[in-house]
Amino acid sequence: MRTVVLVTLLGFVLIGCGAPDVPQNQGGTRETAVKVAFVTNNASDFWKIAEAGTRKASAENGCEVLFRIPPTGTAQEQQQIVQDLVTLGVSGIAISPKDPDNQTAMLNQAAASVNLVTQDSDAPTSQRLCYVGTDNFEAGVAAGELIKNVLPEGGKIMLFVGTLDAQNAQDRKKGIEKALEGSAITIVDTRTDETDRLKAKENAQTALVAHPDLACLVGLWSYNGPAILSGVKASGNAGQVKIVCFDEEDETLQGVKDGLIEGTIVQQPFEFGYRSVKLLFALAKDDHSMVPENKRIIIPVKTITSENVDVFWAELKEQTGKS
């Protein structure tokens, strides 16, 4: 009687090649596959696009990628994830630090054991080898220019974001402020939600109650756009209050298409994932040629409005295999 043993493998998400694809060296023995990791700063759909990029790089380089998402997006969860990854023996980690100023010691400790790069949000004072992502100050400037186009006569606006501890949030806010200098547009306040989508929606609603003369609500992180739109709809102000946001969640792009969101500044997270894994693979081979002198690989942003949303969305679906 033949016995069939079914083994269920439970664990973390593994992206990339398995043991059968590991190449052999000239001596005929099997080489150990390069294993790297990609760590997000929350569970937003933004990161699904980045994950598609890591899969492409994994397939091209024949390496293994461990994709990690902190469930509630806290710095403490990121620290535990990084410690676990070092224990698992990854050669490199690409992380979007949630609170870089207070995570420097943790990042430096990891950098002493693995090739550490930052992506999406930088930690420039840490010992990271390189940053891969947006110049978030310039992204903020792009958002500010869009806001000026949306409000040619000026008006009051409010900013919304998960936390202002993250470098990308700080830089985007500064970029918006710089672009709005000399205009008739006033930033009333910045509201944070700690990546809680329900709180993000409530923040938009309470802002409209406290400041009924707000002309535009601006979301700095990917989920803020859909959350703001939901809050504006619930308040009965859809189509009356302008919305400008960041990134390319489906709800955001649909809002742009429907004319309920004026526009969004997109970062190309697919490239974050793709280029981070390509870089970590090269570093694992002791190849530092991909690291620029300034240690920053900048992915340009795009401004998406009703004029180009259809073309952009079609390209995005092709990248992520949704077309």
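# Reading the terms on this model

Q: Where is the place of Thr-305?
A: Thr-305 is found in the loop between β13 (302-304) and α10 (309-319). Helices (H or I, at least four residues) and strands (E, at least two) are DSSP runs, numbered from the N terminus. A word on the ground rules: this is a predicted model, where local features need pLDDT of at least 70 and side-chain atom pairs count only at pLDDT 80 or more, while totals for chains, interfaces and linings use all residues. Residues are numbered from 1 along each chain as its sequence is written, and side-chain values use heavy atoms, with hydrogens and water left out.

Q: Why is Thr-305 called buried?
A: Buried means under 20% relative accessible area, exposed over 50%, and partly exposed in between (1.4 Å probe, protein chains only). Thr-305 has a relative accessible area of 19%, so the residue counts as buried.

Q: Which residues does Thr-305 touch?
A: Leaving aside residues up to four places away in sequence, Thr-305 touches Leu-146, Val-256, Glu-262 and Gly-263. Contact here means heavy atoms within 4.5 Å.

Q: How do you know whether Cys-245 is bonded to another cysteine?
A: A disulfide is a pair of cysteine sulfur atoms within 2.5 Å. The closest cysteine sulfur to that of Cys-245 is in Cys-216, at 9.4 Å, so the two are too far apart for a bond. A search of the whole structure finds zero disulfides. Cys-245 is also buried, at 0% relative accessibility, and Cys-63 is buried with a relative accessible area of 0%.

Q: What makes a set of residues the largest nonpolar core here?
A: A nonpolar core is a set of buried Ala, Val, Leu, Ile, Met, Phe, Trp, Tyr and Cys residues joined through side-chain atoms within 4.5 Å. The largest such set has 49 residues, and those with the most contacts inside it include Phe-38, Val-117 and Leu-253. Helix α9 (residues 269-284) gives the largest share of this core, eight residues. A second, separate core of 26 residues includes Leu-146, Val-150, Val-161 and Val-218.

Q: What does Leu-253 touch?
A: Beyond residues up to four places away in sequence, the contacts of Leu-253 include Ile-304, Phe-312, Trp-313 and Leu-316.

Q: How do you know whether Ile-243 is buried or exposed?
A: Ile-243 is buried, because its relative accessible area is 0%. This residue lies in strand β10 (residues 242-246). Ile-243 and Ile-304 are 61 residues apart in sequence, and 13 Å apart in space, C-alpha to C-alpha. Among the residues that Ile-243 touches are Cys-216, Leu-217, Ile-228 and Leu-260.

Q: What makes the phi of Asp-120 worth a look?
A: Most residues other than glycine have a negative phi. Asp-120 is not a glycine, yet its phi is positive, at about 75°. Asp-120 sits in the loop between β5 (115-119) and β6 (130-133), and it counts as buried at 3% relative accessibility.

Q: What is the phi of Thr-195, and where is its place?
A: Thr-195, also not a glycine, has a positive phi of about 60°. Its place is in the loop between β8 (185-192) and α6 (197-210). At 17% relative accessibility, Thr-195 counts as buried.
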